[in-house]
Amino acid sequence: MSYVEDMISVKREEWLPRDYLVGPVKHREISRWTDLEAHHLGSTPLAAWGGDPFKAWTSAFMYHTLGKGWQDIWYQLGIHPDGRLVELRGAGAANSSRPYMAVNLPGADETTEAQWDTIHKLRLAMHKDGAGTGLRYHAMRGGTTCPGRKTIDRIHKIWAAEKTTG
């Protein structure tokens, strides 16, 4: 186990219906990550799923697998609005050749202080696991506004406080 994996409060099997599981997920060492990359679920507010992030993540799983034909949901982890760390694919699961751990903040640019506290703790755990602790966001790769203007602004404030640029 790793420090990051020890932080996970909700395992994949607890939120994803068994019928949807695609088999074992390939894992690598968490130390390979250079950064934590923030994502959201597009323009759909969490209220559209009755405020239930697990319904939102199930919908994202279905979109990624059935809609796009991918093998699994894109994100390694999710952060519940109450701050719980949720295993979406797994902290060490591969996501093409990108060196970023993708973390989903459910909803449309809606975050809570509990989520930001978990991001801080997650970065500390990544450091203990030998990974990089950079913080970036999906839009840095272009072609999207993900994870939304408010979240991006908050990340820029974190960078300013840390005197980094992602």
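Modeller: Before we start, contact here means heavy atoms within 4.5 Å. This is a predicted model, and that word will come up a lot.

Colleague: Fine. Which residues is Thr 58 in contact with, leaving aside its neighbours within four places in sequence?

Modeller: Trp 15, Pro 17 and Tyr 20. Thr 58 itself belongs to helix α3.

Colleague: Why is Thr 58 called buried?

Modeller: Its relative accessible area is 14%. Buried means under 20%, so with 14% Thr 58 is buried.

Colleague: And what makes Thr 118 count as buried?

Modeller: The reasoning runs the same way: Thr 118 has 7% relative accessibility, and the cut-off is under 20%, so Thr 118 is buried. You'll find Thr 118 in helix α4, residues 113-128. Apart from neighbours within four places in sequence, Thr 118 is in contact with Met 7, Ile 79, Gly 83 and Leu 85.

Colleague: What do the buried residues of α3 pack against?

Modeller: They pack against β1, α2, β3, β4 and β5. Among those buried residues are Phe 54, Trp 57, Phe 61 and His 64.

Colleague: What makes Asp 52 a cap for α3?

Modeller: A side-chain oxygen of Asp 52 lies 2.8 Å from the backbone nitrogen of Phe 54, at the N-terminal end of α3. A polar contact needs N or O atoms within 3.5 Å, so a distance of 2.8 Å qualifies. Just after α3, Gly 69 takes a positive phi of about 80 degrees.

Colleague: Now the strands. What makes β2 a partner of β5?

Modeller: Pairing takes at least two bridges. Strand β2 (35-39) and β5 (100-104) are joined by five, so they pair, and they run parallel. Strand β6 (134-137) is also parallel to β2, with four bridges between them. Leu 36 shows both sides: its bridge partner in β5 is Met 101, and in β6 it stands opposite Leu 135.

Colleague: Why is β2 described as mostly covered?

Modeller: Five of its five residues are buried. Asp 35, Glu 37 and His 39 are on one side, with Leu 36 and Ala 38 on the other.

Colleague: Which residues touch the most other members of the largest nonpolar core?

Modeller: Val 4, Leu 36, Leu 77, Met 101, Leu 122 and Met 126, out of 26 residues in that core. Helix α4 gives the most to this core, with five residues. Leaving aside neighbours within four places in sequence, Leu 122 is in contact with Val 4, Met 7, Leu 36, Leu 77, Leu 85 and Val 103. There is also a second, separate core of 17 residues, including Leu 41, Trp 74, Leu 88 and Ala 102.

Colleague: How confident is the predictor across the chain, going by the mean pLDDT?

Modeller: The mean is 92, and 96% of residues reach 70 or more; pLDDT runs from 0 to 100.

Note on methods: Residues are numbered from 1 along each chain as its sequence is written. Side-chain values use heavy atoms; hydrogens and water are left out. Helices (H or I, at least four residues) and strands (E, at least two) are DSSP runs, numbered from the N terminus. Buried means under 20% relative accessible area, exposed over 50%, partly exposed in between (1.4 Å probe, protein chains only). A polar contact is a pair of N or O atoms within 3.5 Å; within protein, one must be able to donate a hydrogen and the other to accept it, and residues adjacent in sequence count only if both atoms are side-chain atoms. A nonpolar core is a set of buried Ala, Val, Leu, Ile, Met, Phe, Trp, Tyr and Cys residues joined through side-chain atoms within 4.5 Å.
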